[in-house]
Amino acid sequence: MSERYSFSLTTFSPSGKLVQIEYALAAVAAGAPSVGIKATNGVVIATEKKQKSVLYDEHSIHKVEPITKHIGMVYSGMGPDNRVLMRRARKLAQQYYLTYQEEIPTPQLVQRIANVMQEYTQSGGVRPFGVSLLIAGWDMDEDRPYLFQCDPSGAYFAWKATALGKNFVNGKTFLEKRYSEDIELEDAVHTAILTLKESFEGQMTEDNIEVGISNSSGFRRLTPAEVKDYLASIG
C-alpha cells in the first residue's frame, strides 16, 4: 500500500507517514558514522572520513566544519546536501550578527537550520535533505556547552552524547555505558574516538577520522598530528 505514496513527498500515506522522510533517514543511517559528546568544559564531535581511493588528497575535504567562532558541525549522510546546509547556516549566523552585533546562540542557529530542513518536507518539487547534522557550540552568555542533532524531518534534539550514521544503535549503546555527567573534554575526545572504533573497518589513522572541539576559547578542528596523539594514547 505504501508504494502508492512513496514518491510523493507532500502526500501522507494512510498510516500517517511521509515515506520520503523515512527514506532520507535511511540515507543517513547508511552514511559514515559520526559521534558527539558534551563534556563539562566543552563539546567534541568526531566522524569517520574514509576516502574511496588512495589517490585522493585526504586533507582537501573536511567533514567537521566551523560555522561561527564557537559553533561547528558534522554530518552523516550525503556530502553535497551537507554543503548546502553549511552555507545556509553560515549565512544565517552572519545575518544574526549584522542585526544584533553579537554571535548567534547555538539553540537559535539550530532552530533556524531545522526550519530550512522542514521547508524541504512541505514543498512540491523538492526532496528532503539526505543528512542529519550534529551541531556543537559553546554559549558565551550562559558559559555552557551545547550539542544538538538536526534530522531531515526538521526535528532537532539536544543530547548529552549521541551517534549517527552506520551502526548508530551500537554507537549509542556504547555511549550509554561510557558516558558520565562529569566527563571532561579530554576524556570525551577519547570516548568519541573509541565509539567510532567500535564499528570501524580497517586501521584507524589520523587521515581517516576527523575530530572537532568547541569550548570557551572557540571551535576548532583538531590537526592530524593531534588526532595521531589521541590514537596513540588509546593504543
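Glu48 counts as buried, at 10% relative accessibility (buried means under 20% relative accessible area, exposed over 50%, partly exposed in between, with a 1.4 Å probe and protein chains only). The model is predicted: local features need pLDDT of at least 70, side-chain atom pairs count only at pLDDT 80 or more, and totals for chains, interfaces and linings use all residues. Residues are numbered from 1 along each chain as its sequence is written, and side-chain values use heavy atoms, with hydrogens and water left out.

**Salt bridges**

- Side chains of opposite charge can pair when their charged atoms come close.
- The structure holds eight salt bridges (a side-chain nitrogen of Lys or Arg within 4 Å of a carboxyl oxygen of Asp or Glu).
- Glu48 pairs with Lys50 in one of them, with the closest N and O atoms 3.8 Å apart.
- Lys50 is partly exposed, at a relative accessible area of 40%.

**Arg90 and Glu65**

- Arg90 forms a salt bridge with Glu65, and their closest N and O atoms are 3.3 Å apart.
- Arg90 lies in helix α2 (residues 79–100) and Glu65 in strand β3 (residues 65–66), so the pair ties together parts that are 25 residues apart in sequence.
- Helices (H or I, at least four residues) and strands (E, at least two) are DSSP runs, numbered from the N terminus.
- Arg90 is partly exposed at 29% relative accessibility, while Glu65 is buried at 15%.

**Lys160 and Glu181**

- Lys160 forms a salt bridge with Glu181, with 2.7 Å between the closest N and O atoms.
- Lys160 sits in the loop between β7 (156–158) and β8 (161–164), and Glu181 in the loop between α4 (168–178) and α5 (185–198), so this pair ties together parts that are 21 residues apart in sequence.
- Lys160 is partly exposed, with a relative accessible area of 42%.
- Glu181 counts as exposed, at 54% relative accessibility.

**Largest pocket**

- The largest pocket holds about 510 Å³ of space.
- A pocket is an open set of points on a 1 Å grid over the protein atoms alone, where a 1.4 Å probe fits, with protein on both sides within 12 Å along at least five of seven lines.
- Its lining has 18 residues, and Ala32, Glu48, Lys50, Lys52 and Lys63 lie nearest the centre; lining residues have an atom within 4 Å of a point.

Note on methods:
Grid points are joined across faces, edges and corners, and a volume is the space filled by probe spheres set on the points.
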